[in-house]
Amino acid sequence: MKGRPDLSVKVAGVRFSNPVLVASGTFGYGEEYNALIDLSKLGGIITKSVTLKPREGNPPPRTVETPAGMLNAIGLTNVGVDRFIKQKLPFLRRLNTRTIVNVAGSTVDDYLKVVKRLNRCKGIDMLEINISCPNVKEGGLAFGARPESAYECIKQIRDHTSYPVIAKLSPNVTDIVQVACAAEEAGADAVSLINTLVGMAIDVEERKPVLANITGGLSGPAIKPVALAMVWKVAGAVRLPVIGIGGIFNVQDALEFILAGACMIQIGCANFVDPQTTVKIVDGLNRYLKERKIKRITDLVGGLRTG
Ligand SMILES: Cc1cc2nc3c(=O)[nH]c(=O)nc-3n(C[C@H](O)[C@H](O)[C@H](O)COP(=O)(O)O)c2cc1C
């Protein structure tokens, strides 16, 4: 095949140069990784969740390693929307990649206040609405846990912004498909899944939980099969673009999510292990398509053969 394959994807009218995004909370506000990777090679950057007021987060210890991943109970530490706009957004605006701002809140009104401030800014391509953080009550799981409240939260946001809206879904529910359908009905432009799974670790000498928050959110290779099954189910049930997240560490993982129906993917805690993971996955996707003479990455989306 002559030339490079086409890795570009379009979601809600926004064109991304490739389908590889970084997951909220694992990449700061982008600037933190500037010296480590060429940020223009990313499809887009998703910021740490931004809340109305600055948050210090939970007391330490807030993270612990597990056999196939990590538990975190950071508690949405962030600078708050006003400082985000003043101090963090200008850097992101200058980059030659897409910027998705992740928004969290404890009430619908909180979300709306953040969204309304972001509406006045330049340099934001999309919003990702975190209705799925398991670690604080302000994290939105109160909304993401039930289809009715997910609908209400996303609908209100939809009615108050012209940015494309991604609803970020929680795996800590009985049926994630129902929540995805509610988000679609409410007017979301895409869904992303999954956020972390609730887990815990115990110190048997102390007979105490390892995390000060007692429970935390599990991420990494341990959650990949769970995430993959949820992405496949949701992709079969909604017409919206699906963005896959959960334990993606290499190009093989990325391809599995794409075949299951994800048109884009997010790399989370793999960024902590190797900051080059995203760039390696972009290169790997190029190589995979080229070797198989597949012209466009979009030709692979949902290409799983189940029959
Ligand atoms: C340390 C840490 C902080 C996170 N913070 C956020 C956050 O602020 N907002 C959010 O929507 N998700 C947050 N997440 C969840 C990730 O975006 C992602 O959904 C999850 O880690 C699963 O992907 P992974 O297995 O590739 O890490 C965080 C995850 C980690 C590990």
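**The ligand shell and the aromatic pairs**

Good morning. The shell around the ligand is made up of seven nonpolar, 14 polar and two charged residues; here Ala, Val, Leu, Ile, Met, Phe, Trp, Tyr, Cys and Pro count as nonpolar, Asp, Glu, Lys and Arg as charged, and the others, Gly among them, as polar.

This is a predicted model, in which local features need pLDDT of at least 70 and side-chain atom pairs pLDDT 80 or more, while totals for chains, interfaces and linings use all residues. Residues are numbered from 1 along each chain as its sequence is written, and side-chain values use heavy atoms, with hydrogens and water left out.

In total, 23 residues surround the ligand (a heavy atom within 4 Å). The closest are Ser 24, Lys 168, Gly 220, Gly 247 and Cys 269.

Let me turn to the polar contacts, meaning pairs of N or O atoms within 3.5 Å. A polar side-chain atom of Lys 48 lies 2.9 Å from a ligand oxygen atom. From the backbone, a polar atom of Gly 220 is 2.8 Å from an oxygen atom of the ligand, and an N or O atom of Gly 268 is 3.1 Å from one. Of the 610 Å² that the ligand exposes when taken alone, the protein buries 97% (Shrake-Rupley method, 1.4 Å probe).

Finally, the aromatic pairs, with ring centres within 6.5 Å, number three. Phe 27 and Tyr 33 are stacked (planes under 30 degrees apart), because their ring centres lie 3.9 Å apart and their planes at 10 degrees.

Conventions:
Polar contact = N/O pair within 3.5 Å; in protein donor to acceptor, adjacent residues only side chain to side chain. Phe/Tyr/Trp six-rings, centres within 6.5 Å; stacked < 30°, edge-to-face > 60°.
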